[in-house]
Amino acid sequence: PAVGRVNVIVNADTLLMNDDRMAGVDLTTLEPDVSFLRVRGHLDDTGAFIASALKIEGQPEGYDVKGPLDTDGFVPDVSISVLGVVFNLDTGTVLEHGTPMNGDFVDVEDHDRNGFADSVEVESPDSGGDYARPDGHD
């Protein structure tokens with residue numbers, strides 16, 4: 001899969017949602033490199049990622065990271081980095097809505113979890129950098 005980790009802060013306002021197939025699983029039972037989470041949140045003023053919702057999932061079908069492109073995080077035909085997670089690029093990578101530039105909000109998807117981005121979508125500026133998008137289009 002892609003390389004990198006996203007460190008998140010969980011607080012009293014973080015909502016924990018379990019996948020129905022994961023009954024009896026909670027944060028205390030998670031295992032590194034074994035457990036899978038869907039995390040939604042936002043960056044605070046210090047740049048820390050604050051989780052607004054965590055969902056424990058079974059084996060994911062793909063890998064998806066949304067957020068601001070890291071500074072100089074797009075190297076054409078080589079790699080893309082979002083929130084510190086680096087995906088490789090190849091001739092099969094589809095760039096949607098243009099070439100990503102520093103600060104763009106992007107959605108990177110790796111459907112088969114092989115470490116190569118299948119698609120990179122530059123989202124509209126009105127997404128506001130909110131990773132728990134209020135419009136439900138995430």
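The legends below describe close-up views of a predicted model of a single chain.

Residues are numbered from 1 along each chain as its sequence is written, and local features are described only where pLDDT (the predictor's confidence in each residue, from 0 to 100) is at least 70. Side-chain atom pairs count only at pLDDT 80 or more, totals for chains, interfaces and linings use all residues, and side-chain values rest on heavy atoms, with hydrogens and water left out.

**View 1. The chain as a whole has 10 strands and 0 helices.** Strands (E, at least two residues) and helices (H or I, at least four) are DSSP runs numbered from the N terminus. Of the 138 residues, 33% count as buried, where buried means under 20% relative accessible area, exposed over 50%, and partly exposed in between (1.4 Å probe, protein chains only). The mean pLDDT of the chain is 81, with 80% of the residues at 70 or more, whereas over residues 132–138 pLDDT stays under 50.

**View 2. Strand β10 (residues 119–122) pairs with strand β8 (residues 94–96) and with strand β9 (residues 105–110).** Strands count as paired if DSSP finds at least two bridges between them. The pairing of β8 with β10 is parallel and rests on 3 bridges, with E96 having E121 of β10 as its bridge partner. Between β9 and β10 the sense is antiparallel, over 4 bridges, and here V106 is partnered by V122 of β10.

**View 3. A117 sits in the loop between β9 and β10.** Its relative accessibility is 1%, and A117 therefore counts as buried. Leaving aside neighbours within four places in sequence, A117 is in contact (heavy atoms within 4.5 Å) with F87, N88, L89, T93, V108 and E109. From C-alpha to C-alpha, A117 and L95 are 9.7 Å apart, although 22 residues separate them in sequence.

**View 4. A nonpolar surface patch is formed by V6, V8, V10, L16, L27, L37 and V39.** Patches are made of residues with over 30% relative accessible area and no salt bridge, nonpolar side chains (Val, Leu, Ile, Met, Phe, Trp, Tyr) being joined within 5 Å and like charges within 9 Å; a salt bridge is a side-chain nitrogen of Lys or Arg within 4 Å of a carboxyl oxygen of Asp or Glu.

Methods. Areas by Shrake-Rupley, 256 points an atom, 1.4 Å probe, with all protein chains shown as cover.
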